[in-house]
Amino acid sequence: MRIDIITVLPELLKSPFEASILKRAIEKGLVEVHLHNLRDYSIGNYKQVDDYQFGGGAGMVMMVEPIDKCISQLKSEREYDEVIYMTPDGNTLNQGMANEISMKKNIIVLCGHYKGVDQRVRDMFITREISIGDYVLSGGELAAAILCDAVIRLLPGVLNDETSALTDTFQDNLLAPPVYTRPSEYKGMEVPKILLSGNFPEIEKWREQKALERTKQRRPDLLEE
Ligand code: ADE
C-alpha cells in the first residue's frame with residue numbers, strides 16, 4: 001500500500017511513522033508513506049495556500065489551486081483508489097472503514113486547516129470525507145495519523161500473532177473482554193480462575209460472554225448494528 005499525505009505541517013506527521021509498529025511496517029516494505037508539503041505547490045512569492053472566504057466571515061480557506069496542482073501531479077504518476085479528506089464534518093471513522101481502506105492500493109489523504117478547503121476541491125477530487133470524532137482539531141494532521149495507524153496495522157504482515165488484529169475490540173462489533181497477566185493475585189485481587197485452568201474451549205466461552213456483557217453495558221449501539 002502507498003499513502004500520500006498532503007499537509008501544510010509535514011513536521012507534525014513525521015514522528016508517528018518513526019516508532020513501533022508503523023515504523024516496522026515501513027521498514028518491511030509493507031507500506032510507503034509520502035508527505036507532501038502543500039507550500040511546495042503554492043502560488044506567488046509568499047507561498048500562499050489560504051485566503052479570505054468569499055462572503056466574509058472569520059477564518060481562512062485553503063485555496064483550490066495549490067491542492068489541484070499537488071493532487072494532479074500525484075495522479076499523473078499513478079492511479080489512486082481514494083482521495084480522502086480529513087474533516088470534522090466527514091463520516092466518523094470506525095473499524096469497518098479502516099478494514100475497507102486497508103484493502104486499497106494507493107490512497108491520498110488531504111489534511112484540512114483553518115476553515116477547511118474550498119468546496120471545489122471536495123467536488124473535484126474527494127472520494128471520502130472522514131472525521132475521527134465530534135470535536136474540532138486545529139488541523140487534519142493528527143486525524144490523518146490516526147487513520148493511517150488504524151489502516152496500516154491491518155495490512156498483512158504488519159502485526160505479529162501476539163498483537164493480531166483479529167481479536168481487537170470492534171472487529172466483530174464487540175468490545176474486547178478483560179485481560180490479565182502475572183501475577184495471578186495482586187493486593188488480594190485474583191485473576192478469574194477459568195483463565196488459569198488450561199481449559200481453552202471454556203476460556204474461549206468465558207471471553208465471548210465477557211465481551212458480550214461489556215458491549216451490552218458500554219456500547220449497546222454496537223449490538224443493534
Ligand atoms: N480536522 C479538524 N477536526 C477534525 C476531526 N475531528 N476529524 C478529522 N479531521 C479534522
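Trainee: What share of the 225 residues in the chain is buried?
Mentor: Buried residues make up 23%. A residue is called buried if 20 or more other C-beta atoms, placed from the backbone, lie within 10 Å of its own, exposed if 12 or fewer do, and partly exposed in between. The model is predicted: local features need pLDDT of at least 70 and side-chain atom pairs count only at pLDDT 80 or more, while totals for chains, interfaces and linings use all residues. Residues are numbered from 1 along each chain as its sequence is written.

Trainee: What is the class of tyrosine 114, with 17 C-beta neighbours inside 10 Å?
Mentor: Tyrosine 114 counts as partly exposed because of those 17 neighbours. It lies in the loop between β6 and α4 (119-125), and its phi is also positive, near 55°. Most residues other than glycine have a negative phi.

Trainee: How does the radius of gyration of the chain compare with that of a compact globule of 225 residues?
Mentor: The chain has 22 Å, whereas such a globule would have a value near 17 Å. The radius is taken over C-alpha atoms, and the globule rule is 2.2 Å times the number of residues to the power 0.38. The chain is divided into domain 1 (2-152) and domain 2 (169-224), with bounds from an automatic or database domain assignment. Their centres, over C-alpha atoms, are 37 Å apart.

Trainee: What makes the largest nonpolar core a core, and how many residues has it?
Mentor: A nonpolar core is a set of buried Ala, Val, Leu, Ile, Met, Phe, Trp, Tyr and Cys residues joined through C-beta atoms within 7 Å. The largest one has 41 residues, and Ile67, Ile84 and Met86 are among those with the most contacts inside it. Helix α5 (141-152) is one of the elements that supply at least two residues of this core, and α5 gives the most, with eight.

How values were computed:
Helices (H or I, at least four residues) and strands (E, at least two) are DSSP runs, numbered from the N terminus.
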